[in-house]
Amino acid sequence: MSERSANPGAAATPPRPAFVPKPPLLAAAYMLASTFIALSQSLGQGFLSANLTTLGGELGATQTETMWLMVVFMAPRAVLPLMLIKIRMQFGLRRFAEVSIIVYVAVALLSLLATDLRSALVVELLSGIAAAPLSTLAFLYMLEPLPPEKKLTIGLPLALTMISLGTPLARAINPLILTDGSWTNILMLKLGMSMICLVLVYRLPLVAAETMKVIKGMDLVSFALIAASFGGFVACFTTGATYWWVEVPWLGQAIAASIAALVIALVIELHRRTPLLDVRWLTSPAMLHLTAALLIFRIILSEQSSGAPGLFQTLGFAQEQVAPLFWAISAASLGGGIACALVLRPDRVPFIHVGALLLIAAGAGLDAHSNSGLAPRDMILSQSLIGFASTLFLPSAMATGLLTALSKGPQYLLSFIIVFLSSQILGGTIGAGLFRSIVTARTAAHAEWIAEELATGDPLVSARISTLAQQLSTQLTDAAQLKAQAAAQLAATVQREATVAAYNDVFAAISFLALAALAVLTGHILLNFLRARMAPPVPAAH
C-alpha cells in the first residue's frame, strides 16, 4: 500500500557547487558549444521534415510510408525528457554528457548504412533517442558560464533560440547541401557536426554535481505507459491527415488507447510517495494555465512549420525558390531571441507575451489574404513577424514556469521541465497535424464550391476552356485532345485556387486564435492591476 507524503514530488535536486566565474574566452567557448549542440539536434529534425516528400525515391517507399520516419523520430523526443533528468541526477552530469554524445555520433555513423525504408525507420528511431539528450546539453552548456542572475534572463533565451532555429535554418540551407539530390549529403553533414560536438563535450567538461539514487522501479512502469501514450499521439497526428481520420479505424483506436495509457500512468503517479510527475501540482490552476498557454502557442506556431512550406509546395515552388524566405525567418527568430534576452525580467513577461501575440496575429492576418499568384518573397514580412514572436514568447514562458517551480521547491523543477519539453514537442506535432487536416478538409470544400459555380454547360466554363485551348493550339492539333487538355488545366486551376483558399481559412483562424489569446491575457493583466490597486495598504513597520 503506497503512502502519500505531505510534499509529493521528485527527489530533491542535489546541490551544485558554488559558481566560479570562467575567463571570457572560456565562457564564450561554452556558449559556442551550446549553440553547436543545439543546432546539431534541431537541424536533424528540420532536414527530415524538409525532405520527407523526396526521401521515398531513395528508400523505395511511398510518400505515405515516409511519414513514419517523422513519427519514429519525434516519439522518443516527446517522452524521453521524463527520464533524462533523473538519469542525469543519478549518474552525474559529466557521464550523462559524454555517453549522450557518443551515442549520437554512433547513430550518425549507423545512418549511413540505411538503404531501404525498414532500416531507415530503425535509424530514425535511434536518431530520435540520441537527439533527445542534446536539448538538455544545449541548456546546460549555455547556462554553465553564466552567473546565477543571468541564467534565466540571458542563458535561457539564447539556448531556446538556438534550439528553435534549426527548423527554418534547415529549409534555408537544404538546397545548398542537396546539390546532387542525395540524402547522403545530409547524413554526412550530421555526422560531421556530431563529431565536432563530441570534441566540444570532451574538451569543455561540465562542472560535476553530487549524484544520488533517484530512479525507482515504478518510474519505469509510469515511463512505459506515458511513452506508449505520447507515441500514439505523435503517430496519429503525424499521419492522420495522410490516411485521413475517418478512413482507417486504427487512428481512433490508437488515440483511445493513448488516452487510456496516460490516465493509468497518472493514477499510478497519484498514489506514489516519490512520483515521476507531481500530478497534483501540475493540475493546480497556475500550472494548468501555463501548460494551456504553452500548448496553444505551439499550435499557433504550426502556421510556420506547416503553413508556408505546404502552401509553396502546393503552388509548385522549388526549395531553391523558397530558401530566401527561410533565411529571413531564421534571421527574425535569432533577432527575437536576442531581444528577449535584452528585455526579459519576471515583471515584464505578460507584456512580452502581449507583443508576441500581436505579432503573430498580424503575421497570420497578412498571410490570410494570399492568392494563387503568391510568391515566397510576398510572405517574408509576415513569416518574419511570426518567427520573431516565437523566440520572444517561449523563453519568457519557460522562465515564468521555472520561477514558479523553484518557488515551490527544487523538487518541482523536474516536473516543470518535463511539461515544458513535452508540451512543445506534442503541441508542435498536434498543431501541424491539425493544420494539415483542416487544410485538406477546406480544400475539398472550396473545390466543391468552385465546381458548383463552374457547372458543366456554364458559358463561363466554356469560354475558359476555349481560351485554354487557344493557348495550347500551338502544341496540339487534334481538337479532342485540345479540349481534354484544356479541361484538365481548368481542373488543375480549380484545385490550386481551392488550396490557396483553404490555407487562407487556416491563416485567418490562427490570427483569430492569437487575438482571442491576446484578449484573455489582456483581461488577466487588467484583473491583476485592479486587484493590486484595491488591495489594502501594508502598514509600515515600526
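## Overall make-up

The model is predicted. The protein chain has 19 helices and zero strands. It holds 542 residues, and 51% of them count as buried.

Sequence separation in the contacts is also on record here. Take the contacts between residues at least 6 apart in sequence: 84% of these join residues at least 24 apart.

## Helices α4 and α9

Helix α4 spans residues 81–91, and helix α9 spans residues 217–243. Their axes come within 10 Å and cross at roughly 150°. Angles over 145 degrees count as roughly antiparallel, so α4 and α9 are roughly antiparallel to each other.

Which residues make the contact? On α4 they are Leu 82, Met 83 and Lys 86. On α9 they are Asp 219, Leu 220, Phe 223 and Ile 226. By class, the residues of this contact divide into five nonpolar, no polar and two charged.

## Thr 429 in helix α17

Thr 429 lies in helix α17, which covers residues 413–453. Is Thr 429 buried or exposed? Its relative accessible area is 9%, and buried means under 20%, so Thr 429 is buried.

The side chain of Thr 429 has a polar atom 2.9 Å from the backbone oxygen of Ile 425. Beyond its neighbours within four places in sequence, Thr 429 is in contact with Met 74, Val 234, Phe 237 and Thr 238. Ala 235 is 194 residues from Thr 429 in sequence. In space, the two C-alpha atoms are 9.1 Å apart.

## Thr 499 in helix α19

Thr 499 sits in helix α19, residues 479–534. Its relative accessibility is 6%, so Thr 499 counts as buried.

What does Thr 499 touch, leaving aside neighbours within four places in sequence? The partners are Thr 314 and Thr 443.

## Ser 111 between α5 and α6

Ser 111 is in a loop. The loop runs between α5 (93–110) and α6 (117–143). Ser 111 is buried, with a relative accessible area of 6%.

Setting aside neighbours within four places in sequence, Ser 111 is in contact with Val 123 and Leu 187.

Trp 244 is placed in the loop between α9 and α10 (249–270). Its backbone calls for a look. Most residues other than glycine have a negative phi. Trp 244 is not a glycine, yet its phi is positive, at about 75°.

How accessible is Trp 244? Its relative accessible area is 24%.

## Cysteines

A disulfide is a covalent bond between the sulfur atoms of two cysteines. To be counted here, a pair of cysteine sulfur atoms must lie within 2.5 Å. By this rule the count is zero disulfides.

Cys 197 is buried, with a relative accessible area of 0%. Cys 236 is buried as well, also with a relative accessible area of 0%.

Technical notes. Residues are numbered from 1 along each chain as its sequence is written. This is a predicted model: local features need pLDDT of at least 70, side-chain atom pairs count only at pLDDT 80 or more; totals for chains, interfaces and linings use all residues. Side-chain values use heavy atoms; hydrogens and water are left out. Helices (H or I, at least four residues) and strands (E, at least two) are DSSP runs, numbered from the N terminus. Buried means under 20% relative accessible area, exposed over 50%, partly exposed in between (1.4 Å probe, protein chains only). Contact means heavy atoms within 4.5 Å. A polar contact is a pair of N or O atoms within 3.5 Å; within protein, one must be able to donate a hydrogen and the other to accept it, and residues adjacent in sequence count only if both atoms are side-chain atoms. Axes are lines fitted to C-alpha atoms, for helices over the stretch in contact, and angles run from 0 to 180 degrees between N-to-C directions. Angles under 35 degrees count as roughly parallel, over 145 as roughly antiparallel, 65 to 115 as roughly perpendicular and the rest as oblique. Ala, Val, Leu, Ile, Met, Phe, Trp, Tyr, Cys and Pro count as nonpolar, Asp, Glu, Lys and Arg as charged, and the others, Gly among them, as polar.
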